[in-house]
Amino acid sequence: MDTTLGNNVRHALLAELHAATREKHHALNMQITARLPLCLPPHANNPLLYAKGMVVFGQIYSAFENFLEASLASGSLDNRVRDVYQCLHFHSLIRTNRLRDDVDSLKSRLDCDQSSDIDLLSQQSTVFASRITAALSARPHVLLAYAWAMYLALFNGGRWIRRQLVSPGSNFWNADAFPLSFWDFGDGSGEDEEDEALKLRFKDSLLAASSLLTEAEKEDVIEEAKRLFDVCSEMVLFLDEAVADAGCLKLDSPQEGSVRATGPRYLAPTSSVAFAWSYITSTLTFVRTTTRSAWERRVQAVD
C-alpha cells in the first residue's frame, strides 16, 4: 500500500506548527537570551533568580503533564484521544518531578527569606497553570501543542541553556552536584547520541499522534501553540515585575503606580520593567550580540 500521502499529511501539521509560531518563537528566544545571563555570575552570586524563573515556567510542564497523566489514569477519554495521549506520554520526558526536586534542592541552599520568596512566587504563578488546565479541559486534543513545543525545546535550546548554567562551576550552586536534573534525560549522563535517539522517537510519536486528529482539531492545535508562546512571553514579563519589585537586580525603586492590570489574570509591568530593561540593555549588550547567533543556530522548535 502506498503510504506517501499519509506520511505527507502527518508531517504537514508539524511543519505548520513551526511556520505558525516562527516569529513568536524567535521573539521569545531573544527574551530568554537577554535575561539568562542575569541569573549567573557576575550578575548573580546565588541561584535565586534561576529558581524563580523555573517555578514560573515550570507551571506549563506541571499543568499539561498532570492533565495528561490524570486523563490516562481516569479512563475518561474517548479511544481516539486516548491513543493521542499514549503517543505523547514518554516517562523519560516527564519534567514535573525533576523540577520539583531541583527547586527543593535549590531552596535548601538558600536562606529562609529567599526560600519563602520562591514559594510565594510559585503560588502566584499558578494562575498560568490554571489557564492551561482550563484550555485542555475544553479541548483535550490541543495537548499535542504543549508536548510539541515544550519537549522539543528541551532537546534544542535546553541543551544550550544547560551549558550556560553549568559554566560558573559548582561553587555558584553551593554543592558538588548541579541541581539541574530538569535539563537531563534518563540517568543524566548527557550522552548526545542517546538524547538524539530519544528526540527522534518522540518526533515519530508526534507524527503518529497528529495523524489521529481531524483537520479541525489540527487547526485547534496550531492556534493553541501560538497562544502558548504568548503565555511564555507573559511569563517573562511577570518575572520582570517580580524581580524588579524584589530588588534582585539592585534597580531603583519602581515608581508609584508602576503596575497596571491588563486582564483578569495578568499584571503587566510598566516602569519597573523599564528599569529592568534599561539594566539589561546597558550592561549586557555584549551578551545579546555574541549569544544571538549561537542561540539561533541551536534553538529551533522543529529541526
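The chain has 13 helices and two strands. Helices here are DSSP runs of H or I with at least four residues, strands are runs of E with at least two, and both are numbered from the N terminus. This is a predicted model, where local features need pLDDT of at least 70 and side-chain atom pairs count only at pLDDT 80 or more, while totals for chains, interfaces and linings use all residues. Residues are numbered from 1 along each chain as its sequence is written, and side-chain values use heavy atoms, with hydrogens and water left out.

I will start with the whole chain. Of its 303 residues, 49% are buried. Buried means under 20% relative accessible area, exposed means over 50%, and partly exposed is in between, with a 1.4 Å probe and protein chains only. Among contacts in the chain with a separation of 6 or more, 81% join residues 24 or more positions apart. A contact means heavy atoms within 4.5 Å.

Next, the core. Which residues touch the most other members of the largest nonpolar core? They are Ile60, Leu144 and Trp148, in a core of 82 residues. Helix 2 supplies the largest share of this core, 15 residues. A nonpolar core is a set of buried Ala, Val, Leu, Ile, Met, Phe, Trp, Tyr and Cys residues joined through side-chain atoms within 4.5 Å. Leaving out neighbours within four places in sequence, Ile60 is in contact with Ile132, Tyr146, Met150, Leu228, Cys232 and Met235.

Helix 2 covers residues 48-74 and helix 7 covers residues 143-155; their axes come within 11 Å and cross at roughly 130°. Axes are lines fitted to C-alpha atoms, for helices over the stretch in contact, and angles run from 0 to 180 degrees between N-to-C directions. Helix 2 and helix 7 are therefore oblique to each other. On the terms used here, angles under 35 degrees are roughly parallel, over 145 roughly antiparallel, 65 to 115 roughly perpendicular, and the rest oblique. The crossing of helix 2 with helix 7 is left-handed. Left-handed means that the near helix is turned anticlockwise from the far one by less than a right angle, and right-handed means clockwise. On the helix 2 side the contact uses Ile60, Tyr61, Phe64, Glu65, Phe67 and Leu68, and on the helix 7 side Leu143, Tyr146, Ala147, Met150, Tyr151 and Leu154. By class, the residues of this contact are 11 nonpolar, no polar and one charged. Nonpolar covers Ala, Val, Leu, Ile, Met, Phe, Trp, Tyr, Cys and Pro; charged covers Asp, Glu, Lys and Arg; the others, Gly among them, are polar.

From helix 2, Val56, Gln59, Ile60, Ala63, Phe64 and Phe67 meet Thr126, Phe128, Ala129, Ile132, Thr133, Leu136 and Ser137 of helix 6. That contact has nine nonpolar, four polar and no charged residues.

The crossing of helix 2 and helix 5 is right-handed. Leu48, Ala51, Lys52, Val55, Val56 and Gln59 of helix 2 meet Gln114, Asp117, Ile118, Leu121 and Ser122 of helix 5. The classes there are six nonpolar, three polar and two charged.

A few single residues remain. Val236 is in helix 11, residues 215-246, and is buried at 4% relative accessibility. Val236 and Ile32 are 204 residues apart in sequence, but 7.9 Å apart in space, C-alpha to C-alpha. Not counting residues up to four places away, Val236 touches Leu28, Gln31, Arg35 and Phe57.

Trp160 sits in helix 8, residues 157-166. Is Trp160 buried or exposed? Trp160 is buried, with a relative accessible area of 6%.

Two backbone points to finish. The peptide bond from Pro41 to Pro42 is cis, with omega near 5°, and Pro42 lies in the loop between helix 1 (4-35) and helix 2. Asn174 has a positive phi, near 60°, in a residue other than glycine. Asn174 is in the loop between helix 9 (170-173) and helix 10 (192-210), and is exposed at 54% relative accessible area.
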